[in-house]
Amino acid sequence: MHEWALAEAVLRSAEEVARKEGLSRIDELVVRMGELQQIDPESFDFALRQTLGKTKVRIEKESAVFRCRPCGREWSFADARKAMPADEAEFVHFVPEMAHTYLRCPKCSSPDFEIVRGRGVWLDRVVGERDEKKPRGS
Amino acid sequence: MRKSLAGLDPRPSVIEERLSSIGRIIPVTGGKGGIGKSVMSSCLALCLRKSGAKVGLLDLDFSSPTLHVILGAPKGCFPKEEKGIIPPELHGISFMSMAFYSGDRPAPLRGTDFSNAMIELLAITRWGPLDFLIVDMPPGITDATLDTLRLMKRAQPVLVTIPSRLALETLRRMVRMFQDLRVGTLGAVENMCRDTNPLVREEMARLQVGYLCEVRFDPSLEGALGDPQKLLETRAVRDLEPAVNALSALG
């Protein structure tokens with residue numbers, strides 16, 4: 001389960017933020033999940049739960065949008081995904097940049113496009129209790 | 001207390017942990033393409049494995065990966081998904097390449113995309129305990145080199161060059177950058193030698209870079225690609241022995 005590795009990264013990152021901000025506990029995490037990576041939210045949530053315990057996790061989904069550099073056309077992954085074979089979608093799931101291998105601009109067929117949004121996993125917010133006795137960054 | 005992060009990329013925070021059970025991280029690099037970095041990386045990995053070390057091999061040349069060809073990766077050789085991805089074992093070497101995902105299709109990646117793909121691969125790959133991780137680098141001091149130094153802080157490069165003023169011209173710049181960043185190199189391999197030209201030895205001495213060995217031009221090498229056993233029997237691999245011994249001695 002590849003989601004496990006990403007969940008671990010989110011945890012380590014949240015722990016770093018908590019340490020820097022002097023939080024004694026983490027109450028809530030807000031994670032943004034880009035559509036392109038096609039993360040299974042249930043597996044991801046399950047992996048987070050193994051260590052997080054009572055911490056609330058809010059997962060916000062973000063649609064993936066591409067913009068062609070040569071012609072400027074914008075299009076969505078949702079549209080492109082419909083015509084994509086399962087194995088290619090799986091490769092993009094592991095490494096989202098593989099979109100440049102398997103997708104093309106619908107207007108000019110260029111592989112030179114920007115992933116405008118919705119690439120992968122981001123940690124957007126950490127909510128917790130600050131221990132006033134604990135200096136920040138310790 | 002609420003800390004808004006406006007999108008913090010969590011992946012880099014786990015990379016050090018993923019690499020923590022690796023003894024030595026050795027990027028095999030050089031200034032120019034076509035000087036034999038990939039063949040030298042593969043041969044170093046095979047020789048270190050033969051000597052009994054636990055070895056990983058990572059192909060960082062995302063746009064032109066070739067290590068799977070050199071090692072003769074069979075069809076069906078693919079990473080296993082288990083709390084991340086576990087590199088398949090090929091001839092006793094843990095092997096990871098973007099070719100597993102791109103197949104034989106082009107992967108045209110700009111700088112940001114390259115960095116993102118590299119961070120992703122390092123964040124999700126579980127190498128397990130290794131004595132050496134050999135990293136085959138694309139040529140020059142581009143994103144791959146900068147990201148390697150940024151994300152694999154213990155990297156100790158081995159330099160590859162050929163006896164050509166052009167290759168040395170670019171290598172000199174690379175060495176200078178490593179020295180500016182206080183990155184210690186493990187030395188240089190002079191590849192494709194045809195005569196006893198002191199050019200590279202002298203230049204390495206000037207740059208204060210150790211000279212590991214001279215690998216003579218070996219016409220049998222091309223025919224051995226794809227067959228590790230044959231590769232290990234080539235003159236090129238015999239010539240590489242001082243470099244293998246030097247790396248083995250590092251432990």
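**Residues and chain B**

Mentor: Gln179(B) is partly exposed, since its relative accessible area is 41%; buried means under 20% relative accessible area, exposed over 50%, and partly exposed in between, with a 1.4 Å probe and protein chains only. This is a predicted model, in which local features need pLDDT of at least 70 and side-chain atom pairs count only at pLDDT 80 or more, while totals for chains, interfaces and linings use all residues. Residues are numbered from 1 along each chain as its sequence is written, chains are lettered from A and ligands numbered from 1 in the order in which they are written, and side-chain values use heavy atoms, with hydrogens and water left out.

Trainee: Where is the place of Gln179(B) in chain B?
Mentor: Gln179(B) belongs to helix 7 of chain B, residues 165-180; helices (H or I, at least four residues) and strands (E, at least two) are DSSP runs, numbered from the N terminus.

Trainee: And what does the side chain of Gln179(B) reach?
Mentor: The side chain of Gln179(B) reaches the backbone oxygen of Leu207(B), at 2.8 Å.

Trainee: Switching to Thr161(B), is that buried or exposed?
Mentor: Thr161(B) is buried, with a relative accessible area of 1%, and it lies in strand 9 of chain B, residues 158-161.

Trainee: Which residues does Thr161(B) touch?
Mentor: Not counting residues up to four places away in sequence, Thr161(B) touches several residues, including Ile35(B), Leu168(B), Val189(B) and Val200(B); contact means heavy atoms within 4.5 Å.

Trainee: What about chain A, where does Ser110(A) lie?
Mentor: Ser110(A) lies in the loop that runs between helix 5 (99-102) and strand 5 (113-117) of chain A. Ser110(A) is buried, at a relative accessible area of 10%, and its side chain reaches the backbone nitrogen of Asp112(A) at 2.9 Å.

Trainee: Leaving aside neighbours within four places in sequence, what is Ser110(A) in contact with?
Mentor: Ser110(A) is then in contact with Cys68(A), Pro70(A), Arg104(A) and Cys105(A).

Trainee: Back to chain B, how many helices and strands?
Mentor: Chain B has twelve helices and eleven strands, and 55% of its 251 residues count as buried.

Trainee: And what radius of gyration does chain B have?
Mentor: Chain B has 18 Å, which agrees with the value near 18 Å for a compact globule of 251 residues; the radius is taken over C-alpha atoms, and the globule rule is 2.2 Å times the number of residues to the power 0.38.

How values were computed: Polar contact = N/O pair within 3.5 Å; in protein donor to acceptor, adjacent residues only side chain to side chain.
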